[in-house]
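Hello,

Here is the structure I promised to pass on. Please open it and keep it beside this note as you read.

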Amino acid sequence: MKCLKRNYCYSYGQKVIKGAVILLILQITVIFTYMHLTVNSTKVFQDRNYYKLYQNMLLSNATKIERLDTANTQSDTAVGFQLKVNRDDALIYGHFRKTKSFLTIGIPTMQRPGISYLENTLESLIMLTTEQERLEIVIALYMADENQTWVEYTANDLKKKYQKHFDSGFLHIFHYHEHMYPDFNSLYRTFNDATERVIWRSKQNIDYAYMFMYSHNISEYYIQLEDDIQAIPNYFYKIKSFISTMNKKHTKWFCLDFCNLGFVGKLVRNDELLVLAKFLLMFFNDQPGDNLLGYLKHVKTQFKDIRHKPSLFQHVGVVSSLRGKRQFLQDGTLKKKSSKKRFYNENPPADIETTIETFEKHFPKNPYGLSDEYFWGISPKQGDVFTIKFHKPEQVTGIYIKFGLTEQPDDILSEGKLKVSQNCENWKYIKSIHGHQSVINLDRGYSNWPSKLQCVTIEVTRTQAIWLIIQEISIFTKR
């Protein structure tokens, strides 16, 4: 028996030693990988209010000297792709507080075809915090679009609505102050992505890096959101409590996760922002940003996600800033059943009018747009109309109309008819409509269909006690 025990102890000891050796090798590998990434590739220099990142590339001596003179540094690093941030120049509206805040919320925003979720996102973040909490928060809104007209219009519009939040330092709007992007035409494709998508995600990585550099030293912590999310009540209190819990447990963490989707809801310490910016710039063409964040977590020896449950932010946008992309992603921990549109069609520009009494904020324009908002009218009467007036005559090839919702299946049109006009005065009857949906497809033949239309109208032909929901109107045209 003694011999058997001795053999067992010897075997067990060998396993422990092997495990310790493997762990030591992994730790050494991680350390050398991190040293290589942070020392021998991209360099960060602080020069007064500038944070400059330079990526190693082989250049001629003349180019090296010229670039290094510009950088105002004694480093012998060969300089290629350069990104710098001067916060004073980048800031459009808002001001910097004299002391660090607790949390910076970074939000990049760009034009989306036919719709904007930005104001609803800001309203959610603002309304769900108290005045005292706002003293600990900075919302850093980054205008990532290259259309200067749109940037100026959007910034000025937000300034009118949120002047007091800019004055308090709670809200910043900033935009890159000089051309900073590389030649996107020279990018190589990865993941078999189309060229347009490679350009879109590569630019996104650079935009994120710019945001991280701008936000460095503004607050103790930084969280990345998008411009199409909704926060849940008490989100700031829950973030603070979760950070406090992790720190009290002495949990080693690089990134905390407050949403399951992509880069949304990812929180890091202020000290890690420049490291994260460097990492994204090193591989901006190779991988999407959320992939790169995952790799960097491993380099920083965080091998598991540390996630708050349930998530604190829900993704609500459908129309992406990448033209043609529709995304129906939602966080499963917050997901609620809701009615979605079928087509999310980019309808031709038009004015929408109705004689039906509108309930609260369920406006007539809602079903015609790209959001999931809908029109809700109170007990339509015989003779009421819902009219679409195009800004210019359109060659319409099809119409799709959806009444009611999954949650409100009875709020449909009892009896009505669809009519069209070339001048909004002389109307042509097309078909009777009722029930949950109506589809008009020219392939099925409508002999009385005009070549070009100025107006389309839904006319109520019988008074109904039930209310009316129009969830979606999609007008398909020949372009």
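Predicted model: local features only at pLDDT ≥ 70, side-chain atom pairs only at ≥ 80, totals over all residues.

Start with C259. This residue sits in the loop between β10 (256-257) and β11 (266-269). C259 is buried, with a relative accessible area of 0%.

Next, the salt bridges. The count is 15. Here are some of them.

R112 and D227 form one, at 2.4 Å from N to O. They come from distant parts of the chain, 115 residues apart. R112 is in the loop between β5 (101-109) and α4 (118-127), and D227 is in the loop between β8 (219-224) and β9 (229-231). R112 is buried at 13% relative accessible area. D227 is buried too, at 4%.

E119 and K161 form another, at 2.6 Å. E119 lies in helix α4 and K161 in helix α6 (residues 148-161), so the pair ties together parts 42 residues apart in sequence. E119 is partly exposed at 34%, and K161 is partly exposed at 40%.

K203 pairs with D207, at 2.7 Å between the closest N and O atoms. Both lie in helix α8 (residues 195-215), about one turn apart.

There is also a network of salt bridges linking D257, K266, K297, D305 and R307.

Last, two helices. How do α10 (residues 273-282) and α11 (residues 289-299) pack? Their angle is about 120 degrees, and their axes are 10 Å apart. The two are therefore oblique to each other. The contact has 8 nonpolar, 1 polar and no charged residues.

Best wishes

Technical notes. Residues numbered from 1 in each chain as written. Heavy atoms only, no water. Axes fitted to C-alpha atoms, helices over the stretch in contact; angles between N-to-C directions. Helix = DSSP H or I, 4+ residues; strand = E, 2+ residues; numbered from the N terminus. Parallel < 35°, antiparallel > 145°, perpendicular 65-115°, else oblique. Nonpolar A, V, L, I, M, F, W, Y, C, P; charged D, E, K, R; others polar. Buried < 20%, exposed > 50% of the residue type's maximum accessible area, 1.4 Å probe, protein only. Salt bridge = Lys/Arg side-chain N within 4 Å of Asp/Glu carboxyl O.
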